[in-house]
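Trainee: I am new to this model and would like a close look at one part of it, the contacts between charged side chains. Please take me through them slowly, and then show me what surrounds them.

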Amino acid sequence: MTNKEEYQFLREEIIYDTTAVQNYRNLMYTIVAAIYAFAFTQSEPLIFLIPISVILPIFKICMGRRSSMCKIGAYLLVFLEADDSVFNWETRLHKYDNVYSKDIKKSIISPYTVSVLVSVALCIIRIDFKYFSSPENIIRLGICAVVGIVSLIIISKGQVNYIEVKEKYIKQWEYIKEQESEIEGSATS
């Protein structure tokens, strides 16, 4: 496989992962909306927390894909763009990120965060506050709080910071490249 073919193949893989992330998000929105529609027909407010059991796995899948995109982009930068001036997208993107994106922090407002917050809010809104101090309602509020907080912690800790992760992969690929160069150098000596 030539460098050009490998480059095109890997760029297509990044595009595939980007499309997959969007498809997973669309699936999440569809399932969550269907559960909300069902929950509105029921009297139990805790049903509004069920979408979180869909949101978190899809979040993990999407973050895995995002990390994979970073790994592929770093590989392209280190192995295929370093020696060939024809391919420069990842190199230029990395330079751009270094110049313009230093102040960008991980976004805590994501579709996953919003979906969890909406689920918890709908659950709380559906609680009958005429009997606020009833043991059932106190338990419901406790469940909402625990599920909401744990979910938001999972999302905030699992959020992929594109710049940091890509930088990590660039260093790892550079190490691999150095190791290969040392092996090739000792083989020719």
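**Salt bridges and their surroundings**

Mentor: The structure holds four salt bridges, a term used here when a side-chain nitrogen of Lys or Arg lies within 4 Å of a carboxyl oxygen of Asp or Glu. Please keep in mind that this is a predicted model, in which local features need pLDDT of at least 70 and side-chain atom pairs count only at pLDDT 80 or more, while totals for chains, interfaces and linings use all residues. Residues are numbered from 1 along each chain as its sequence is written, and side-chain values use heavy atoms, with hydrogens and water left out. Side chains of opposite charge can pair when their charged atoms come close.

Let us begin with arginine 65 and aspartate 17, which form a salt bridge whose closest N and O atoms are 2.8 Å apart. This pair links distant parts of the chain, since arginine 65 belongs to helix H2 and aspartate 17 to helix H1 (residues 3-39), 48 residues apart; helices here are DSSP runs of H or I with at least four residues, numbered from the N terminus. Aspartate 17 counts as buried because its relative accessibility is 2%, where buried means under 20% relative accessible area, exposed over 50%, and partly exposed in between, with a 1.4 Å probe and protein chains only.

Another salt bridge brings together the side chains of arginine 140 and glutamate 44, at 2.9 Å from N to O. Arginine 140 lies in helix H5 (residues 135-158) and glutamate 44 in the loop between H1 and H2, so this pair ties together parts that are 96 residues apart in sequence. Glutamate 44 is partly exposed, because its relative accessible area is 27%.

The side chains of lysine 166 and glutamate 90 also meet in a salt bridge, at 2.4 Å from N to O. Because lysine 166 lies in helix H6 and glutamate 90 in helix H3, the pair ties together parts that are 76 residues apart in sequence. Lysine 166 is buried at 1% relative accessibility, and glutamate 90 is buried too, with a relative accessible area of 2%. Salt bridges that share partners join Arg11, Glu90 and Lys166 into one network.

Now look again at H2, the helix that carries arginine 65. Helix H2 (residues 52-81) has 30 residues and spans 41 Å from its first C-alpha to its last, close to the 44 Å expected at 1.5 Å a residue, the expected span being 1.5 Å times one less than the number of residues. H2 is mostly covered, with 21 of its 30 residues buried.

Aromatic rings make contacts as well: rings of Phe, Tyr and Trp (its six-membered ring) pair if their centres lie within 6.5 Å, and planes under 30 degrees apart count as stacked, over 60 as edge-to-face and the rest as tilted. By this rule there are six aromatic pairs. Among them, phenylalanine 79 and tryptophan 173 pair edge-to-face, at 5.8 Å centre to centre and with 85° between the planes. This pair also links distant parts of the chain, with phenylalanine 79 in helix H2 and tryptophan 173 in helix H6 (residues 162-188), 94 residues apart. Phenylalanine 79 counts as buried at 15% relative accessibility, whereas tryptophan 173 is partly exposed, with a relative accessible area of 23%.

How values were computed
Helices (H or I, at least four residues) and strands (E, at least two) are DSSP runs, numbered from the N terminus.
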